[in-house]
Amino acid sequence: MCHVADARLSGSVHAVPTGKTKKSPRERKLRPYREAMEAPGRDGPDERTHPVNRRQLLRLAGGVGLASTIGLTAPAPAAPGMTSAQLFCRDAWGARAARPGGKPHTITRMTLHHEAVVLGDNRNAPGRLRQDQRYHQDQHGWVDIAYHVGVDRNGNIYELRSTKIAGDTATDYDTTGHFLVLCEGDFDHEAVSEAQLHGAAVAFASAAQNFGIATSTLAGHRDLAATSCPGANLYAHLASGDLKRRIDDLLAAGGVNLQLFCGPDAAARVAAIEAGN
């Protein structure tokens, strides 16, 4: 069952009517996927033990079209000038369930992080998010992956921790009120791509408009704690004002329509990213 993001961050999600109805050929085709995703287990989907692995999922979903989503209506027409983008839901990238607890908060500002681990090829991005989540939960004892949204090198945007719960950090700043965006990679050693900058700007612009955050609150992790995060190459876009200008330009042009993308089509797209496509 797909995790639903805070409605203020993503597009509207409508419940699919339930009841005993005759299954269409498409529904019968997707039944193995749904049964696998709804199977009980503490850790949620895991490609090592999942009854339908990502290679099989590509074949399973291949005949139903990447344009549709399960449990999500078609995106509303964007207003003139509005930028539309997709937010991969947690199940799409294989997230574990969040653990109970965490600190509820109200988002009032925006903060940029990097992973501080070289990403290399972008096909590594979804797997790295799973590794991060395991490390944060199992080694640090946090309720979930530390950040609210992730952006890979190709600009794909991923739903991470619930925006209703404050993030976590191993450094000495209070994350309460912060909307945390993670750019995957180590930007003390890697260059940041244009696509990744755009993806980060889209994520921040969506938060700014939906949580009522001033873009002047945008900061880097290093502005708040003793760390080099988000890395020199990425921080340069903060220090120069470039990232803030990108966010302001998106808002001025009509805003952002960030639609939650879930179900087998989203999982198939993530599997394609991991296959290098």
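1. Basis of the note. The model is predicted, with local features requiring pLDDT of at least 70 and side-chain atom pairs counting only at pLDDT 80 or more, while totals for chains, interfaces and linings use all residues. Residues are numbered from 1 along each chain as its sequence is written, and side-chain values use heavy atoms, with hydrogens and water left out.

2. Overall composition. The protein chain holds eight helices and seven strands; helices (H or I, at least four residues) and strands (E, at least two) are DSSP runs, numbered from the N terminus. Of its 277 residues, 52% count as buried. Here buried means under 20% relative accessible area, exposed over 50%, and partly exposed in between, with a 1.4 Å probe and protein chains only. Among contacts (heavy atoms within 4.5 Å) between residues at least 6 apart in sequence, 81% join residues at least 24 apart.

3. The sheet. Seven strands form an open sheet with mixed pairing, in the order E6-E2-E5-E3-E4-E1-E7. Its edge strands are E6 (219–220) and E7, each of which pairs on one side only. Two strands are said to pair if DSSP finds at least two bridges between them.

4. Neighbours of strand E1. Strand E1 (residues 83–88) pairs with E7 (residues 256–261) in the parallel sense over six bridges, and Leu258 in E7 is the bridge partner of Ala85. E1 also pairs in the parallel sense with E4 (residues 157–159), over two bridges; there Phe88 stands opposite Tyr158.

5. Gln86 within E1. Gln86 lies in strand E1 and is partly exposed, with a relative accessible area of 45%. Leaving aside residues up to four places away in sequence, Gln86 touches Ile157, Leu258, Gln259 and Phe261. Gln86 and Ile157 are 71 residues apart in sequence, yet their C-alpha atoms are 6.8 Å apart in space.

6. Strands E3 and E5. Strand E3 (residues 149–151) pairs with E5 in the parallel sense over three bridges. The bridge partner of Val149 in E5 is Val181.

7. Helix H4. The 14 residues of helix H4 (residues 125–138) should span 20 Å at 1.5 Å a residue, and its end C-alpha atoms are 20 Å apart, which agrees. The expected span is 1.5 Å times one less than the number of residues. Because 10 of the 14 residues of H4 are buried, the helix is largely enclosed by the rest of the structure. Arg128, Leu129 and Asp132 are among the buried residues of H4.

8. Glu184. This residue lies in the loop between strand E5 (178–183) and helix H5 (194–211). Glu184 is buried yet has no salt bridge, the nearest side chain of opposite charge being Arg128, 6.0 Å away. A salt bridge is a side-chain nitrogen of Lys or Arg within 4 Å of a carboxyl oxygen of Asp or Glu; for charge, Lys and Arg count as positive and Asp and Glu as negative, with His and the chain ends not counted. Not counting residues up to four places away in sequence, the residues that Glu184 touches include Ala125, Arg128, Leu129, Val151 and Tyr158.

9. Cysteines. A search of the whole structure finds zero disulfides, a disulfide being a pair of cysteine sulfur atoms within 2.5 Å. Cys183 is in no disulfide, and the nearest cysteine sulfur, that of Cys229, is 9.6 Å away. Cys183 is buried, with a relative accessible area of 1%. Cys89 likewise counts as buried, at 0% relative accessibility.
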